[in-house]
Amino acid sequence: MAIASPAPSGGARWLPVASIMFGVGWGANQFASLLGLYTERLHLGSGGAQAMFGVYALGLVPGLVLGGPASDRYGRRRIALPFACLSALVTLVLMAGVGAPWLLYAGRLLAGVVTGAVLAAGTAWVKELTPVSGTRMTALAVSAGFGAGPLASALVAQWAPHPLVTAYLPHLLIMLLTVPPAFRVPETRVARGPDGAGRQRFALSGVRNPAFRRTIAPVAVWTFAAPVSAFALLPAFVPVHHLPIAYAGAITGLTLASGMAAQPVARRLEARHPRLVARAGLGAITCGLLLAALTIAAGLPVLNAVTAVVLGAGYGFVLTYGLGEVARIAAPDELAGLTAVAYALVYVGMFAPLLLTVLAKAVPLGAVLTAMAVLAAGCLAYVSRQAPAARAAGPDAGTRPDVRECSAGR
């Protein structure tokens with residue numbers, strides 16, 4: 001697939017695309033701070049709300065498979081824009097779930113499909129619109145949406161009537177404002193015909209790159225496993241009795257705001273040596289999981305806030321590292337596809353609250369979190385021993401700005 005030649009239209013052509021990614025991220029995570037309320041109002045069994053939270057990741061896989069390789073083949077607009085429109089419809093399904101709980105599972109599954117498609121296609125689209133800073137812009141937009149969505153829904157649900165309906169109204173407004181401008185953004189990829197070479201491109205060579213298996217995949221799986229433990233698990237085990245919904249939303253917002261604050265630091269560190277970003281992120285995650293175990297043992301909500309900051313910072317570091325390394329090793333026609341595979345690994349962590357809730361029935365949760373910290377420390381040691389990766393093959397591998405940025409200091 002060839003790069004299109006869009007007519008120049010100012011220096012911020014990427015902004016509407018980043019805005020829809022912000023909106024889709026908002027919609028994907030607005031459910032997180034409502035877990036306790038759903039458990040109380042709908043009388044869900046132990047782990048029921050966490051299952052609704054985790055089923056999102058099941059929908060994400062087909063969404064990423066479609067949004068990544070398909071947008072490499074057919075173009076970014078054809079994937080990102082229709083699925084961004086569907087994000088609002090998914091929110092309507094969740095609003096209807098207050099009267100039919102099965103719709104919550106369906107809505108969360110569909111939210112995963114929509115998010116996967118938009119993140120994979122949108123990340124590549126923004127990078128092609130602004131090669132030097134595209135990875136940074138998408139990471140910030142997604143993190144901002146993930147953090148603002150649950151905070152806003154929690155504040156609305158805490159004080160507004162019919163909270164399990166009105167909490168979703170801000171997302172509908174966000175999508176109404178962000179989607180129309182994105183339709184004016186030019187395409188950056190020329191659709192490829194259904195020839196044999198096109199079909200072959202769905203087999204991603206980047207996945208076979210040793211760097212992906214040894215230095216990206218082991219880090220990516222911790223990206224969400226750590227922060228969701230802070231905001232989707234600990235508020236249920238260390239609750240507060242005054243304003244509990246707002247508290248859950250504040251912890252979610254604090255976690256992801258810390259991730260956003262860490263990303264500029266990670267980018268500066270990345271310019272010196274990308275592997276240091278992974279080490280810093282995994283180190284923070286290890287410490288954060290130990291703090292989470294201490295929070296459970298002490299039963300102090302204030303420690304949850306400290307844990308949220310540390311795990312959020314680790315999230316910001318490893319997300320920046322993962323997206324930067326994928327951009328560095330991906331062949332030109334596989335950028336969105338390889339990004340999709342990386343996001344799939346990232347979202348495996350969404351099952352962490354459900355898994356930990358189940359394990360906590362047999363083993364003390366503090367012990368489980370300590371074991372997770374040991375695993376994260378082992379992963380840190382493994383990644384630190386790996387050799388630097390080779391660059392992507394292709395005629396422009398040495399000239400792409402993100403490749404030069406991420407390779408500095410190697």
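Analyst: In this predicted model, the chain contains 19 helices and zero strands. Of its 410 residues, 60% count as buried.

User: Why is the pair of F22 and W26 called edge-to-face?

Analyst: The angle between the planes is 70°. Since planes over 60 degrees apart count as edge-to-face, the pair receives that label. The two residues are four apart in helix α1 (residues 15-29), which means that about one helical turn separates them.

User: Are F22 and W26 buried or partly exposed, and how do you know?

Analyst: Buried means under 20% relative accessible area, and exposed means over 50%. F22 has 21%, so F22 is partly exposed. W26 has 10%, and therefore W26 is buried.

User: Why is the pair of F224 and Y315 called stacked?

Analyst: The planes of F224 and Y315 are 20° apart. Planes under 30 degrees apart count as stacked, so the label applies; the centres are 5.4 Å apart.

User: Which parts of the chain does this pair link?

Analyst: The pair links distant parts: F224 lies in helix α12 (residues 222-237) and Y315 in helix α15 (residues 301-329), 91 residues apart. Both F224 and Y315 are buried. Ring pairs also join F146, F224 and Y315 into a cluster.

Technical notes. Residues are numbered from 1 along each chain as its sequence is written. This is a predicted model: local features need pLDDT of at least 70, side-chain atom pairs count only at pLDDT 80 or more; totals for chains, interfaces and linings use all residues. Side-chain values use heavy atoms; hydrogens and water are left out. Rings of Phe, Tyr and Trp (its six-membered ring) pair if their centres lie within 6.5 Å; planes under 30 degrees apart count as stacked, over 60 as edge-to-face and the rest as tilted. Buried means under 20% relative accessible area, exposed over 50%, partly exposed in between (1.4 Å probe, protein chains only).
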